[in-house]
Amino acid sequence: MGIIAWIILGLLAGIIAKLLMPGRDPGGIIVTILIGIAGGLLGGWLGKVLFDVDSVDGFFELSTWIAAIVGSLILLGLYRLVAGRRHS
């Protein structure tokens, strides 16, 4: 996948992760995009390491979306923990 596809996938995965984890977030749309892109990479890496699967096959593959969303959920949760402690 190209860089534009990663950005679009990251944006959508970040939005889906925010919908699945409702609540107040200290970041805006830029943070959502960055968390989504990093989450996609993290999800793909975790899929390879833990399950020995190439979970980042293509933009329209279900495994790519699941990996990106799970990775985004993990990073969003960590971000809320870290940023929430700073603002409390």
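Start with Ser72. Ser72 touches Ala13, Gly14, Ala17, Ile35, Gly36, Gly39 and Gly40, leaving aside residues up to four places away in sequence. Contact here means heavy atoms within 4.5 Å. Ser72 sits in helix H3. Helices are DSSP runs of H or I, at least four residues, and strands are runs of E, at least two, numbered from the N terminus. Ser72 is buried, at a relative accessible area of 0%. Buried means under 20% relative accessible area, exposed means over 50%, and partly exposed is in between, with a 1.4 Å probe and protein chains only.

A word on the model. This is a predicted model, where local features need pLDDT of at least 70, side-chain atom pairs count only at pLDDT 80 or more, and totals for chains, interfaces and linings use all residues. Residues are numbered from 1 along each chain as its sequence is written, and side-chain values use heavy atoms, with hydrogens and water left out.

Now the overall layout. The chain has 3 helices and 0 strands. Along the sequence the pattern is α-α-α. Of the 88 residues, 34% are buried. Among contacts with a separation of 6 or more, 71% join residues 24 or more positions apart.

Next, H2. H2 has 23 residues and reaches 31 Å from first C-alpha to last, close to the 33 Å expected at 1.5 Å a residue. That expected span is 1.5 Å times one less than the number of residues. Which residues of H2 are buried? Thr32, Ile35, Gly36, Gly39, Gly40, Gly43, Gly44 and Gly47. After H2 comes Asp52, with a positive phi near 55 degrees.

On to the core. The largest nonpolar core has 7 residues: Trp6, Leu9, Ala13, Phe59, Trp65, Ala68 and Ile69.

Last, the surface. Ile4, Ile7, Ile8, Leu12, Ile15, Leu19, Ile29, Ile30 and Leu34 form a nonpolar surface patch, with about 850 Å² of accessible area together (Shrake-Rupley method, 1.4 Å probe). Patch residues have over 30% relative accessible area and no salt bridge, and nonpolar side chains (Val, Leu, Ile, Met, Phe, Trp, Tyr) are joined within 5 Å. A salt bridge is a Lys or Arg side-chain nitrogen within 4 Å of an Asp or Glu carboxyl oxygen. H1 gives the most to the patch, 6 residues. Leu12, in helix H1, is partly exposed at 34%.

Technical notes: Patch = residues over 30% accessible without salt bridge, like charges linked within 9 Å, V, L, I, M, F, W, Y side chains within 5 Å. Core = buried A, V, L, I, M, F, W, Y, C linked by side-chain atoms within 4.5 Å.
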